[in-house]
Amino acid sequence: MNQSFGKEYKLCSKKVIDELFESGQRVNAHPLALTYKFMDKTASKTPFQVVVSVPKRLFKHAVDRNRIKRLIRECMRKNKSILEDFLAKEKYQNQQLALFLVYRDNKEPEYQFLYQKMTKLFVTLITTIEKNEK
RNA sequence: UUGGCAAAUCGGUUUAUCGCUGUUCGUCAAUUGGCGGAGAGAGGAAAGUCCGGGCAACAUAGAGUAGCGUACUUCCUAACGGGAAGGUGUUUUCAGCCUUGUGCUGAAGGCAACAGAAAGUGCAGCAGAAAAUAGGUAGCCCUUCGGGGUCAUAGUGAAAAGGUGAGGUAAGAGCUCACCGUGCAAGCAGUGAUGUUUUGUAGCUAGGUAAACCUUACGCGUUGAAAGACCAUGUAAACUGGGGAUGUUUGGCAGCAAUGUUAAAUGAUAGGGUUACUCGCCCAACUCAGAGGGUAGGUUGAUGGAUUCUGCGAGUGAUUGCAGAACUAGAUAAAUGAUAAACGUUCCUUUUUGGAAAACAGAACCCGGCUUAUAGAUUUGCCUUUUUU
RNA sequence: GGCUCUGUAGCUCAACUGUAUAGAGCACUGGAUUUCGGCUCCAGCGGUUGGGGGUUAGAAUCCCUCCAGGGUCA
């Protein structure tokens with residue numbers, strides 16, 4: 001299975017991020033908070049794009065912030081098949097999911113703990129999307 | 001052998017699997033992607049932004065004043081407020097000396113914005129008689145009882161205008177002398193700061209404060225990669241260059257003339273910008289000619305350099321010359337991660353063994369320093385504890 | 001990645017270019033007044049001037065350095 005998680009998964013456009021915060025919807029799985037919105041397909045072929053953020057307010061040192069971001073990205077890489085299988089359906093083919101993930105705790109997490117939370121987050125995201133469509 | 005101080009070096013290693021960002025090779029589509037291989041990928045401080053440079057743009061950039069910075073000497077360096085060596089002062093420890101003193105000499109280490117107070121201006125609460133042109137409270141002495149002389153002694157203070165002894169005097173005083181100290185000039189030593197048990201000279205002035213104004217010497221244009229350059233699209237009120245923009249008439253003087261200069265008359269503008277001021281420079285509407293703008297875009301700037309390592313020299317040293325070899329991150333919301341195992345280090349328990357821990361901290365154009373944070377390890381030097389000889 | 005400002009009592013601010021025990025209002029505590037409370041009056045409490053070092057006889061003030069917090073840059 002392809003487990004790569006490269007540059008094309010990164011959300012960079014400032015316009016999209018602004019729009020995401022104006023009209024996006026939220027899902028929580030403490031300590032992770034996710035804002036999501038469906039967008040039109042961009043040049044990249046990935047089913048979703050994501051921003052990972054750790055507030056400077058909670059972690060003073062750049063080392064700690066970088067480490068948490070790396071852990072989150074690693075967990076996402078391992079778990080992305082959940083989301084990709086769901087988005088592979090035909091009705092989502094012309095859309096792209098924009099995500100903004102924020103870490104909201106002042107303690108540095110363990111990898112195993114974060115892995116479970118990420119799984120939970122993706123599952124709840126899928127269920128809420130399905131619920132909203134009904 | 002215990003602990004401490006200083007300096008220097010290091011700042012875990014290896015393998016497997018799954019990933020991330022560049023580079024390069026091959027291959028397939030066809031100009032940008034896919035697949036596969038190879039190889040690279042955070043620091044000693046990457047930090048703070050406290051200094052200095054490279055690089056870039058800009059006359060709204062120049063010149064002078066103002067302003068800002070630096071400040072023992074010589075050297076190093078691209079440069080510095082950094083560094084090296086030296087000097088001076090001060091302080092700590094140790095040793096020696098005899099006059100036993102807040103003494104002198106020597107050694108080792110630490111610290112110093114360490115130019116000028118003899119260019120000028122200022123400042124100094126309280127206390128004290130008096131605080132910088134000295135002064136007269138007590139005391140001492142003289143007295144015609146009005147007053148005068150005096151700083152030795154006392155007292156105040158952060159600071160009271162050389163010290164000891166002798167002479168001298170009404171009492172005193174560098175008033176005079178000897179020794180000591182201090183300043184100045186010359187000589188000698190040193191590139192120099194400076195030193196001097198060399199000589200002369202001054203009766204002693206010139207208290208402190210310049211991280212107060214200031215003076216002297218030297219240096220400094222401003223803004224910073226969000227600098228700047230290019231590309232695609234195709235034609236903005238933005239940009240570039242010229243005109244606008246300093247004239248015209250008459251007389252005198254210089255000159256062959258062009259022209260320059262000066263005086264008078266007349267016309268237009270007499271506005272704005274610059275780090276404060278002066279000069280200088282630039283600028284509007286309008287017009288002529290050229291050129292092409294926006295874009296949270298892309299490429300570049302951007303990592304081969306005051307580079308690193310080794311060897312042989314130069315120098316006390318910082319540093320540097322020559323030769324050879326090497327290529328050592330380049331991301332853009334920001335890559336260097338996760339999992340597992342082994343080895344090494346430290347600690348606990350302990351026969352093997354088992355368990356736990358591993359600091360400070362993440363490149364953002366690039367260098368040289370400084371400062372701050374830092375578990376632990378190694379080496380060298382000095383001091384120290386214990387034991388043995 | 002740069003540039004720049006601020007830090008004084010629990011809170012909001014003073015203290016001029018260095019000199020007295022760092023001052024004022026609000027808050028807090030006690031007392032007076034009132035049947036009780038408020039208002040008012042009187043008295044008190046409260047400070048390592050962000051930390052450290054330096055210059056000076058003397059520092060909130062001048063200088064250096066560290067820390068914390070803000071502002072700003074098409």
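Visitor: How many aromatic pairs does the count come to?
Guide: Rings of Phe, Tyr and Trp (its six-membered ring) pair if their centres lie within 6.5 Å; planes under 30 degrees apart count as stacked, over 60 as edge-to-face and the rest as tilted. By this rule, the number of aromatic pairs is three.

Visitor: What is the model, and how is it numbered?
Guide: This is a predicted model, in which local features need pLDDT of at least 70 and side-chain atom pairs count only at pLDDT 80 or more, while totals for chains, interfaces and linings use all residues; side-chain values use heavy atoms, with hydrogens and water left out. Chains are lettered from A and ligands numbered from 1 in the order in which they are written, and residues are numbered along each chain as its sequence is written, starting from 1.

Visitor: Is the pair of Y111 and Y115 stacked, edge-to-face or tilted?
Guide: A pair of aromatic rings is described by the distance of the centres and the angle of the planes. For Y111 and Y115 the centres are 6.1 Å apart and the planes stand at 50°, so the pair is tilted.

Visitor: In which helix do Y111 and Y115 both lie?
Guide: Helices (H or I, at least four residues) and strands (E, at least two) are DSSP runs, numbered from the N terminus. Y111 and Y115 are four residues apart, about one turn of the helix, and that helix is α3.

Visitor: How many salt bridges does a search of the whole structure find?
Guide: A salt bridge is a side-chain nitrogen of Lys or Arg within 4 Å of a carboxyl oxygen of Asp or Glu. R77 forms one with E74, at 2.8 Å between the closest N and O atoms, and K80 forms one with E84 at 3.9 Å, N to O. Over the whole structure, the number of salt bridges is two.

Visitor: Is K80 buried or exposed?
Guide: Buried means under 20% relative accessible area, exposed over 50%, partly exposed in between (1.4 Å probe, protein chains only). K80 has a relative accessible area of 3%, so K80 is buried.

Visitor: Is R77 buried, partly exposed or exposed?
Guide: R77 lies in helix α2 (residues 62-87), three residues from E74. The relative accessible area of R77 is 23%, so R77 is partly exposed.

Visitor: Where does α2 bend?
Guide: The bend at a residue is the angle between axes fitted to the seven residues ending there and the seven starting there. In α2 the angle is about 50°, and the residue is N79.
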